[in-house]
Every structure is written in structure tokens, then in C-alpha cells.
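The following exercises concern one protein structure. Please work through each task before reading its solution.

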Amino acid sequence: MARSDPSPAAATLSASATDSAQTEAPAQPAALEALPEAAEQRPEGSGLRHVAAIDIGTNSIHLLIAAVDPVLRTFRVVQAEKSTTRLGERDPETGDLSTAAIERAFLALRHCRELATSHGVEQILTAATSAVREAPNGRQFVQAVQEQLGLDVELVSGPEEARLIYLGVLSGMAFGDDPHLILDIGGGSTELILADGRDARELTSTRLGAVRLQRDFITQDPVTPERLSFLRAFIQGSLEPAVDRVKRRLRRGERPVMVATSGTALALAALCAASEERPPTRLQGYRVSRERIDAQVNQLATLTLEQRKALPPINERRAEIIVPGALVLQQAMAMLQVRELVISERALREGLIVDWMLRHDLIVDRFAYQSGIRQRTVLDLARRYRVDQRRAEHVAKQALLLYDKTRGVLHDDAGNGRALLWAAALLHSCGQHINISAYHKHSWYLIRHCDLLGYSESEQLMVAAIARYHRKSLPKKRHEAWLQIPGRDQRRTVNAMALLLRLATSLDRRPVPAVDDLRIRCRGGELRIGLISADPTQDLSLERWSLAACREPLAEAAGLRLVVES
């Protein structure tokens, strides 16, 4: 394999790193679930198992280093990096992986191995996809990587690639029983998956990707109208078998949610988000309408390469292949007749971690794992920010009791607010990790800027704001936390849930809670609360005094008179 061996000089170069670290996580409990005892008050980092995943793609090589928590059965991304290697730029005559591309890949893989080893990972999971599996010398490349770098590379098939993508997306997004169409546009192939929270109904892989289309069909820049028409027709013809297969597996009346992941979708979403007055801080869960995608794609098709490179949200390498990739996304949305898509920042490399957890019995029931995604995120964050979880759980229990007993009086929430109240109750004191002074503001900042997987951008803003307003001042129009809440209904929910959390936290005055239960009665414009302790000799005057301090904000924000019963 003389043609494929990297030159010795290549080892002195370093691969580029771009992607930033992320976090993992959890789901909405109908009622408060007990935190596993082994996880309570456990120091950050203790008992964690570190694993690395390397995705050798057509356009780039991705590294992900994860800290797996065997107790919460979740994982957190410690470090994520990307190197653009363009393995898809193959020899035009033989179809082999080119010498230059192999050298770039070896540089990146050596860097990935050294970085993973420095984190003390117990295993490096490595998967190669379209470019390597299709190249005549692909297996020689895999063998050379094993011999020279000691990395065992799994050459995954198209359907297996689709399955791993499904697992990756599933790890960061709550599906429930709703059908989801997952679209992953890579450099050499496009995976289309129909799935729900229980299983994948259809896994498809099409030899159609951004690098492949750029290499085979685009010779002019910008692309001419005639070539655009040809590309759209070619993409439609290529995708038809996969689209037909997933459509046949849809049940009557089902309206699937479309989820898009990987480079092309993330780049288009970033361009759309950049045009907003208040761009989201993350793309996970970001929704983009088909109209906005169409407008963005049509504009990109008119730009030269230099003009595309000048667009801030996308890097120079992505600018080279964004047009063909965007055309695939646009055509897929049209063929599947979906009105909007949801972005997932998780894909194959996260799927490798989930698959490892499944094989090591760290996930026994995949559906139970997925359905608890939002809860595990919150619990993981609470542990990382050193929250006193026993006290936080007690506050959450009383907040949810207040929620249930004050429906129709203090709030008319349809149900979503209950889940947000639970999350805010668990995390309301996380700001003390920074400073005890004005900690509610620090809590807002931490929740606002962390990765709450399973929550949409607007839901995360609401959780952060509920925690922000559980003490001190009520919401004011000038507050950044209030300005970022997107709509009137959401603000009404935040206001009500924050009042409930204010009441619940007012009873949290001691290291060991003294109030075990509440007696709650609503009469006209009155909210009467009595405190109950398991110890009949317990003096609750401290808690009554603290609760009474909520009278003024409750009257101002909800028009209710608070009566603290003896």
C-alpha cells in the first residue's frame, strides 16, 4: 500500500480543531422521581467512565470524548473536535483515496488518538463511513490505520451508519411516541431515518452527499440556472427510493417531525439564526421553516465562493460545499412535504457512545433511557454545579404540590409549565456555585448558557427565568431575562411558575427540611397555606415568617392575598 502510506513529515503537522464542548441529558417527569442514592451528593468526576468516539467522514473527521455516568446512565461531552480532511476527494481515474487525503486523515487521527489518550479513555470507538467504504483502497486504509496508529476502525455500512445517527439524535432530543424523520446530509451519503422513541422503523442510506455532488457536477461558480435545475432533478431521482420507503412506513394520520443534523443543516440553521434580532445561543432544538430554508438556499446559489466565504456563520471549507448540500436539504423537505425542521447537534459520533453504553449494559431499556432524557440532563447539571440535591428535590416536591393545588387560581397552565417548574426547582440554587450573593442571577446565567438537551430554546429560556425570579424582584421590562422570553403566553407561564417556586423556596430555610407537607386552600382571592411537620414538636415559626414575606409579590403579580395558617 505504498500509494496510501502517509509521509513521515505528515506526523509533524497538527489537525485543526473547531467544535466546542457540549453537555448531555434528561426528560420531563410527570411527578418528581427520586434521584438514585448512589448519585446523590456524589463528587463531580467520581465513578465516571471516559470513552472516545472518532467519526471518519467524507468531508471531515470528528472526535468526541465523553464522560459516561453509570448511575444516571447518561453521558456528557468533555471535548469535541473537527478536522477537515476531505477523504471524498478521490483519485479521478481509480476512485482510490488520494495520497494527499490519506496524509490529512492520518494527521487528524494521530491527533485524535493522542488527545483521547490524554483524557484516560478506556476505549476509542472509531467508525469510517461513505468515502472509505466505497474506495477500492478503503480496506487497505483501515488496515494501515490499525497497524500504524493502533486504532480499530469499523467500516460501517449505510444502514448501520443510519442506525448510529438515530441513536445519536435520540440521546439529545425527546421523541416520545411521535414519528420523526431524521435527515443527515454527509459528504458522500445522505441518511434518511423514520423513527420514534421506541425504535427506528426505516433506515435508509443514499449515495448522495455534498462533497460528491460538488466533485461530480459543479464546475462553475456561481452555479448556472441550468445546472441548478439539473441538480434538483438528479437529487430528487436519487432520493426517491428512500423517500418512498419511509412514506410507506408512516401510519395513517401521522405527521412526522423532521430533524436535520450534521454540517449542511447546522450551517443553514446558523445562517437563518444570524438574521434574527436575538439569535439563539445554541442550535440544538432550533426550528427553521421551509420558507426560510428555501430563501436561504436560493440566495446561496447566486453567490460566488468568495461571497459565501464572507458569510460569518460558516467557515471557508463549508462555503465550498454548502450549495449542493443545501439543495439536498431543500429537495428532501419538498419531497417529504414538511413545513419546518428541528436541528440536532448530535449525530453519528454521539451514536457510537450510546451504542457502547448499550453493549456495556449501561442502558438496559432504550425507550426508558430516551423518555428520561430531560430529567437526566437536569440531574446531571445539578450534580455538576454542586446543588444540594436532597434540598432541591424537597423544594421541587412542594413546588409541584402548590402547582397542582392552585390550578385555576394562580395559574391556568396546560401542563408544560409543570415540567419547567420541576427543572427550575432542581436548578434554582446552582448559581451559588459562583457566588452566594445575588445567586438567582448567576443561576439564570448558568441555566441560560448550558446545554439542556431535550428542551427547546424557548423552554430553556423559561426555565432560566423561573429560577431567576424565585427571589428578590419580580420581572421588569428592562430585565434581559424577561426580554428574552419570546411571547406573552410564555411570560405568563414564567410569572406563575416563578411565584410557585418563590413560595416553595421560602420554606427551605434549614439544612434539613422541617416542613413535610402543605395544607393548601384557595378561596376567592385568597391563598391559604398551612405548614405540616412530621414532628409535632417542631417549631415552624421561621418558615411561617419566611412564607409571609411572599405576601407582597404574590399580591402584586397575581392579585392574591396570602394567608399563612398556624
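A cavity is a set of points, on a 1 Å grid over the protein atoms alone, where a 1.4 Å probe fits but cannot get out, and lining residues have an atom within 4 Å of a point. Grid points are joined across faces, edges and corners, and a volume is the space filled by probe spheres set on the points. The model is predicted: local features need pLDDT of at least 70, side-chain atom pairs pLDDT 80 or more, while totals for chains, interfaces and linings use all residues. Residues are numbered from 1 along each chain as its sequence is written, and side-chain values use heavy atoms, without hydrogens and water.

**Exercise 1.** State the volume of the largest cavity and describe its lining.

*Solution.* The structure holds 4 cavities of 30 Å³ or more. The volume of the largest cavity is about 40 Å³. Its lining includes Thr58, Arg90, Glu134 and Arg215. Helix H2 (130-134) and helix H5 (210-217) each give two or more residues; helices (H or I, at least four residues) and strands (E, at least two) are DSSP runs, numbered from the N terminus. H2 supplies the largest share, 3 residues.

**Exercise 2.** Determine the strand order of the open sheet.

*Solution.* The order of the 6 strands is S8-S7-S6-S9-S11-S10, with mixed pairing; two strands pair if DSSP finds at least two bridges between them. At the edges, S8 (200-206) and S10 (287-289) each pair on one side only. Within the sheet, S6 (residues 180-185) and S7 (residues 190-195) are antiparallel over 6 bridges, and Leu183 has Leu192 in S7 as its bridge partner.

Conventions. On a 1 Å grid over the protein atoms alone, a cavity is a set of points where a 1.4 Å probe fits but cannot get out, and a pocket is an open set with protein on both sides within 12 Å along at least five of seven lines; lining residues have an atom within 4 Å of a point.
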